[in-house]
Amino acid sequence: MSVAARPQLSHLRALESEAIHVMREVAAELERPVLLFSGGKDSIVLLRLAEKAFRPAPFPFPLMHVDTGHNFPEVIEFRDRRVAELGERLIVASVQDSIDSGRVLEETGPRASRNRLQTVTLLDAIAEHGFDAAFGGARRDEERARAKERILSFRDDFGQWDPKSQRPELWNLYNGRIRKGEHVRVFPLSNWTELDVWEYIDQEQLEVPSIYFSHERPVFQRDGMLYAWREGTELIDGEEVFQETVRYRTVGDMSCTGGVRSHALTLEEVVLEISATRITERGETRADDRVSEAAMEDRKKAGYF
Amino acid sequence: MTLDLLRFTTAGSVDDGKSTLIGRLLYDSKQVFEDQLEHVAQASERRGGEGTLDLALLTDGLRAEREQGITIDVAYRYFATAKRRFIIADCPGHRQYTRNMVTGASTADVSVVLIDARQGVVEQSKRHAFISALLGIPEMVIAVNKMDLVDYSQDRFDEIVREFSGFVEHLAGVEHITYIPMSALNGDNVVDRSELMPWYAGPVLLDHLEQVEVAYDHPDAKAARFPVQWVVRPANGSSDYRGYAGQLASGALRRGDEITVLPSGARTRIAAIDTYDGELEEAMAPMSLTLRLEDDVDVSRGDLICHHDRSPVVDRELLADICWMTDEPLRSGGRYLLKHTSRSAAAIVQGIDDVVDVHTLQRSDPPAELALNDIGRVRLRTSTPLVFDPYTSNRRTGSFILIDEATNSTVGAGMIA
């Protein structure tokens with residue numbers, strides 16, 4: 001049979017349609033959803049999907065960023081510009097505030113990171129605003145604990161994920177029923193891969209923060225990763241700061257997100273680079289997953305993104 | 001329809017080599033990343049595997065799984081070749097097996113049933129085949145694994161094919177079955193053709209998955225079903241825009257089509273098919289879109305829009321096969337929340353007509369209850385009318401879940417007869 005006789009959607013259009021369906025279901029069935037927007041590529045895709053799901057009306061939920069205070073300035077600048085363009089409301093939940101109010105204790109030393117502290121700030125913000133659903137950009141291909149996660153993932157009133165007693169998720173019928181104090185995390189990009197995300201960004205011609213493209217910056221090497229150096233960064237004996245041409249595959253805290261040597265300057269070049277890569281994005285760039293065999297699983301159980 | 005994305009499901013017990021098979025598929029198709037491989041190498045060594053790679057470890061997810069050497073829950077895995085992208089629903093078989101298999105099968109186009117060549121056809125393989133058929137998967141692959149342990153014997157393979165064919169011919173709904181002899185451990189016939197089984201002339205697993213024809217219905221061949229999810233209505237009064245948003249579950253819709261809104265029965269025409277990327281003349285499943293209608297009829301979430309001359313059933317009484325997924329049994333008189341398309345209703349169990357024996361495929365006399373992992377025919381009555389099709393003609397409008405309102409758990413999966 002010829003192709004013309006078999007009209008079909010591209011796999012990106014099929015994934016897009018599935019994600020839009022998920023967003024509309026959650027908007028309809030839960031009372032106070034929020035969309036977690038970090039300025040990273042996955043949540044940039046979420047925003048486009050929300051436009052596709054709800055325009056010409058405004059989004060039926062606000063956006064929220066958990067700001068560690070250690071974000072790349074380029075990303076914060078991008079975040080604010082994108083939110084203004086959309087005309088939507090952004091809530092910024094600040095880890096600094098959690099530290100100042102004594103909810104969490106700042107780690108010290110050269111390896112200090114605010115990565116773990118974010119979980120407290122996130123759960124506090126969810127409780128404070130009474131959110132019952134939080135959209136996130138996590139994908140199942142990212143990490144092995146995530147491969148088991150549902151599209152609608154139930155969290156108890158401590159924000160905990162129990163991987164052993166997840167609700168079965170059948171067809172496209174999602175069970176978002178919760179009691180007061182509980183919430184669901186919603187992952188519309190569950191079935192997308194990193195390459196799908198970049199191809200979609202290219203297809204939709206979405207703007208992304210400049211650090212996703214090749215640029216030169218001062219870095220230092222630690223545990224095999226290239227970390228951005230900035231004023232105030234504590235170095236460990238023997239570490240040196242040098243200029244390197246890098247780009248970022250993921251956008252997290254400056255303190256725990258490594259850059260990769262790259263000359264990719266355009267979306268097409270990034271897509272080519274991702275198609276050819278032999279290392280996973282978290283393995284290449286995230287120190288937070290290197291802590292132990294089950295680092296992500298443990299953080300997720302405690303309520304991490 | 002999407003033909004370049006294939007979803008398939010595997011199921012198996014701890015020992016029949018399912019994890020090794022998936023690991024082999026990923027490894028031989030060069031989908032394993034260096035850091036994942038390094039991780040597997042280290043873990044294999046820690047477990048005393050002296051320099052060998054235990055590919056099963058590639059599919060380990062949770063700490064408890066690594067500790068106990070088991071798989072706890074359905075995991076989803078992704079890989080791509082030059083020809084297709086694949087989503088694997090990887091279902092553990094040992095505990096809550098029906099629940100896991102049904103979950104994995106509910107979204108799959110192809111089902112890969114594993115058989116250990118030494119054991120032959122066992123209950124689990126029959127159960128998986130039965131569930132695949134019940135869940136409407138027309139394409140089945142029988143992976144006869146561990147051929148290395150039966151000396152790559154053609155006689156043994158033929159024997160298993162005969163035995164399984166005898167079972168499968170009583171299953172309704174399976175259209176094609178492909179039997180492949182393989183050794184996932186050694187990589188025979190998974191991605192690369194085995195030199196040890198020259199008697200086998202059929203496709204190796206990956207080639208087959210790349211080429212298998214996904215059940216495809218031309219958009220015009222299937223009745224259009226559009227469950228309304230959400231009403232798009234800018235709040236600020238400045239606009240009189242009113243659109244009905246949803247995902248087209250099946251078929252095609254065109255601007256100007258005469259449609260009916262169910263269950264009310266109101267009739268009008270499609271004024272416009274809106275998407276963020278502009279208006280469309282026509283749309284097909286599974287697109288998400290927003291419809292504007294010519295007349296001001298009452299439409300809300302849970303309603304279904306279809307062509308007036310191809311209507312589904314509207315009824316408060318249902319007959320359905322239900323897979324029961326929780327310890328507390330389903331009994332006559334039980335009340336649940338039923339979720340079907342974008343509509344939820346209260347449902348009461350009117351009666352249980354039978355339970356299926358997966359060995360013999362016989363349906364029993366009416367049982368007192370359905371226990372965990374049972375599948376049986378159940379009669380239900382709902383608080384409001386549902387708009388549905390038989391599952392065999394439409395997987396989207398023929399399926400539902402039951403939720404226990406006391407625990408909020410999903411306790412049953414239903415396929416309307």
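Visitor: How many Å separate the centres of domain 2 of chain B and domain 3 of chain B?

Guide: In this predicted model, the centres of domain 2 of chain B and domain 3 of chain B, taken over C-alpha atoms, are separated by 29 Å. Their contact takes 12 residues from domain 2 of chain B and nine residues from domain 3 of chain B. On the side of domain 2 of chain B that touches domain 3 of chain B, six residues are nonpolar, four are polar and two are charged.

Visitor: Which domains does the assignment of chain B give, and where do they run?

Guide: The domain assignment gives domain 1 of chain B as 5-211, domain 2 as 219-307 and domain 3 as 313-416. The secondary structure of chain B comes to seven helices and 24 strands. The radius of gyration of chain B is 24 Å, close to the 22 Å that the globule rule gives for 417 residues, so chain B is as compact as a globular protein of that length. Along the principal axes, the C-alpha atoms of chain B fill a box of roughly 70 × 50 × 40 Å.

Visitor: How is chain A divided into domains?

Guide: Chain A is divided into domain 1, which covers 8-195 + 295-301, and domain 2, which covers 210-289. Between the centres of these two domains of chain A, taken over C-alpha atoms, lie 24 Å.

Visitor: What describes two packed helices?

Guide: Two packed helices are described by the angle between their axes and the distance between the axes. Consider α6(A) with helix α7 (residues 267-276) of chain A: their axes come within 10 Å and cross at roughly 165°. An angle over 145 degrees counts as roughly antiparallel, and α6(A) and α7(A) are therefore roughly antiparallel to each other. The crossing in which α6(A) passes α7(A) is left-handed.

Visitor: Which residues of α6(A) and α7(A) make that contact?

Guide: From α6(A) come A:E194, A:L195, A:W198, A:E199, A:I201 and A:D202, while α7(A) gives A:L267, A:E268, A:V270, A:V271, A:I274 and A:S275. By class, the residues of this contact of α6(A) with α7(A) are seven nonpolar, one polar and four charged.

Visitor: At what angle do helix α2 of chain A and α6(A) pack?

Guide: Helix α2 (residues 41-54) of chain A packs with α6(A) at an angle of about 50°, and their axes are 10 Å apart. That angle makes α2(A) oblique to α6(A). The crossing of α2(A) past α6(A) is left-handed. A:K41, A:D42, A:I44, A:V45 and A:R48 of α2(A) make the contact with A:V197, A:Y200, A:I201 and A:E204 of α6(A). Five of the residues in the contact of α2(A) with α6(A) are nonpolar, none is polar and four are charged.

Visitor: How many helices and strands does chain A have?

Guide: Chain A has nine helices and 10 strands. Its radius of gyration is 19 Å, close to the 19 Å that the globule rule gives for 305 residues, so chain A is as compact as a globular protein of that length.

Methods: Residues numbered from 1 in each chain as written. Chains lettered and ligands numbered in written order. Predicted model: local features only at pLDDT ≥ 70, side-chain atom pairs only at ≥ 80, totals over all residues. Domains from an automatic or database assignment. Axes fitted to C-alpha atoms, helices over the stretch in contact; angles between N-to-C directions. Helix = DSSP H or I, 4+ residues; strand = E, 2+ residues; numbered from the N terminus. Parallel < 35°, antiparallel > 145°, perpendicular 65-115°, else oblique. Left-handed = near helix turned anticlockwise from the far one by under 90°. Contact = placed C-beta atoms within 7 Å. Nonpolar A, V, L, I, M, F, W, Y, C, P; charged D, E, K, R; others polar. Rg over C-alpha atoms; globule rule 2.2 N^0.38 Å.
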